[in-house]
Amino acid sequence: MKKIMVIAAVLCLAAISFSGCSKKSAGSDDDRPTVRLVTDATGIDDKSFNAAAWRGILAFYGDTWEMQAHRGTLYENITCQTQDMYIPVLRQISDEAPDLIIVTGFTFADALTQVAQEYPAQKYMIVDVDWVGLPNVVEFIFTEEQGSFLVGAAAALQAKEEGVVNPRFGFIGGVPGATITKFEMGFIQGLHAVIPDAEVVDFYTNDWGAPQLAKTQAKNWYDSGVYAIYSAAGGSGNGTIAQAREYRSAGRNVWAIGVDSDQYEDGLYLGNKSAVLTSMVKRVETASLYALNALQNDTFTAGVVQLRLANNGVDFSQANASLSRTVVRQLEDYRTKIINGDITVIGTYRDALAQGLVPATLGARD
């Protein structure tokens, strides 16, 4: 009973918040599409997918984070505090019929699949999912292996630039699976493109929300001489950054590498110094812009869209001034070679292992 009452209250609030949002204001001559972004409890300030999707929306309408002039008329967002809100909130928004409804992340996949079938005339967009397969849903996936290649190369190049002898590297994953494997495979191939015999160790937390596990493992590795650790482990990866920040504050030359969004600020210590050397960035804002431009141009097509280096889908962060400019120039060369097809980055453990690109002792699973 309590659960039903909570959902009912949320829907009442949603109805009030959404009034006038899905349709353009009376008398408006702005013919741009309307959009709603539905997020999980982390909201648009999550410094990750939600924030990136929101940036893409703002950019489409010519707004900024500080000046959201068209919010409430052309675009809006709603935050679901729990997963059991996903379906009722998506239904509520679908009843209001904006031109596009956006969700980010696989946790929305089941809810979106159900609601999209109930509202076949409504257009939807989802990020990091490629299995919905409905005629009114566009799905965006990323070549994480390409972006991970660049941050792997960045770590190895930086080690050489700093004169580190026989540097070792680590990878911390969350729950093993095909997506996280793409991060690890790309990272190792990037490392080995620079230092062919570089030693790599890996560890899986089997949990997206266990930063202490990652922190403990990072400490053990750093203490044993590991130079840089790349984490693709959701919230668990924050533990790696925390340990790197502690050690760099104490004068230790170790690095963390961020993932999905630019985690430079998460690694800050001593003013503007950061323990995050670089981050593999998935540009979810590119997906928002892609879908909204397609609506504007009447070219919206359901199906799976793969965002790669070539179409600004993945990248590496240059926010940390400690990342050598010489290294950045070399990374740009690697980027060009990947885009041109001179370098092919393998995303599966099976194929990378068959080609001798990675060790056979990893915990990765396809």
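Helices α3 (residues 86–96) and α4 (residues 109–118) pack at about 30 degrees, with their axes 9 Å apart. Here axes are lines fitted to C-alpha atoms, for helices over the stretch in contact, and angles run from 0 to 180 degrees between N-to-C directions. Helices (H or I, at least four residues) and strands (E, at least two) are DSSP runs, numbered from the N terminus. This is a predicted model, where local features need pLDDT of at least 70, side-chain atom pairs count only at pLDDT 80 or more, and totals for chains, interfaces and linings use all residues. Residues are numbered from 1 along each chain as its sequence is written, and side-chain values use heavy atoms, with hydrogens and water left out.

So who touches whom between the helices? From α3, Tyr86, Ile87, Leu90, Arg91 and Ser94 meet Ala111, Leu112, Gln114, Val115 and Glu118 of α4, contact being heavy atoms within 4.5 Å.

Now look at the sheet. It is open, has six strands in the order β2-β1-β3-β4-β5-β13, and its pairing is parallel; two strands pair if DSSP finds at least two bridges between them. At the edges sit β2 (75–79) and β13 (303–307), each pairing on one side only. Direction ignored, neighbouring strands of this sheet are turned by 20 degrees against each other on average.

Zoom in on β1 (residues 35–39) and β3 (residues 100–104): four bridges join them in the parallel sense. Val35 has Leu100 in β3 as its bridge partner.
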